[in-house]
Amino acid sequence: AAGRYAVADGLPAGRYQIVLRKPGYQDAQLQDQLLRADTLNRLEVALEALPARLTIEAEPRGAQVFVDGVAQGPAPLTIELPQPADAYWVAVQHPGYRSERRRVQLEAGDERRVDFGALSARSGALDFEVRFVGAAEGAVAGLMEQLEVELDGRRLPWGAPELAMVEAGAHRVRLLHPLYQCAEQSVQIADRSAQRLSYQMQ
């Protein structure tokens, strides 16, 4: 970027030390500058931009940080950008969690903190279709209330909130009932999806 700055008339001729300051840039000092009277004195000065500092935080710790698609290291992390390019895409990734990214505006000399907070676990929902073999239609509702879900060896009440947020990946699922039995099933849960399992209770 370039610009002009005019000093008001009235400076007497002579030699001066001139200091130029601009936020986000290093000071520029011009020593022993001769200014002549009754003329326009033009000086060209290149200001050097200060680096921008960007601190990225996320939970869980160790999430990989990317800036414009380039890996930077694990969070929490502070990086220095020697020549800020106005805007960056900052992203964090961690196995088992959903990736997040944000657009960050940066100017020379800026110090910015970006906190992604707690990343959301990759998860999906379990849905069930259950048939009680030999049960009268009017008895099904009561039988359903006695069901429990065994998820990877952990017993959960029927309709437990955890069944709507099952970690993505492979799981073993079985339904438990005091009067009926069923076979265990293996299921692969994908992120942001619902997986329906059908059971014959005998």
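**Exercise 1. Work out the strand order and pairing of the open sheet.**

Step by step: three strands line up as β6-β3-β9 in an open sheet with mixed pairing. Strands here are DSSP E runs of at least two residues, numbered from the N terminus, and two of them pair if DSSP finds at least two bridges between them. β6 and β9 sit at the edges, each pairing on one side only. Ignoring direction, neighbouring strands are turned by 15° against each other on average.

A quick note on the source: this is a predicted model, where local features need pLDDT of at least 70, side-chain atom pairs count only at pLDDT 80 or more, and totals for chains, interfaces and linings use all residues. Residues are numbered from 1 along each chain as its sequence is written, and side-chain values use heavy atoms, with hydrogens and water left out.

**Exercise 2. Find how β3 pairs with β6 and with β9.**

Start with β6 (residues 77–81): five bridges tie it to β3 in the antiparallel sense. Within that pairing, A52 has L81 as its bridge partner, and R53 stands opposite E80. Now turn to β9 (residues 111–118), which runs parallel to β3 over six bridges. Here R53 stands opposite E111.

**Exercise 3. Sort the residues of β3 by face.**

Take β3 as residues 52–59.

Notes. Buried means under 20% relative accessible area, exposed over 50%, partly exposed in between (1.4 Å probe, protein chains only). Helices (H or I, at least four residues) and strands (E, at least two) are DSSP runs, numbered from the N terminus. Axes are lines fitted to C-alpha atoms, for helices over the stretch in contact, and angles run from 0 to 180 degrees between N-to-C directions.
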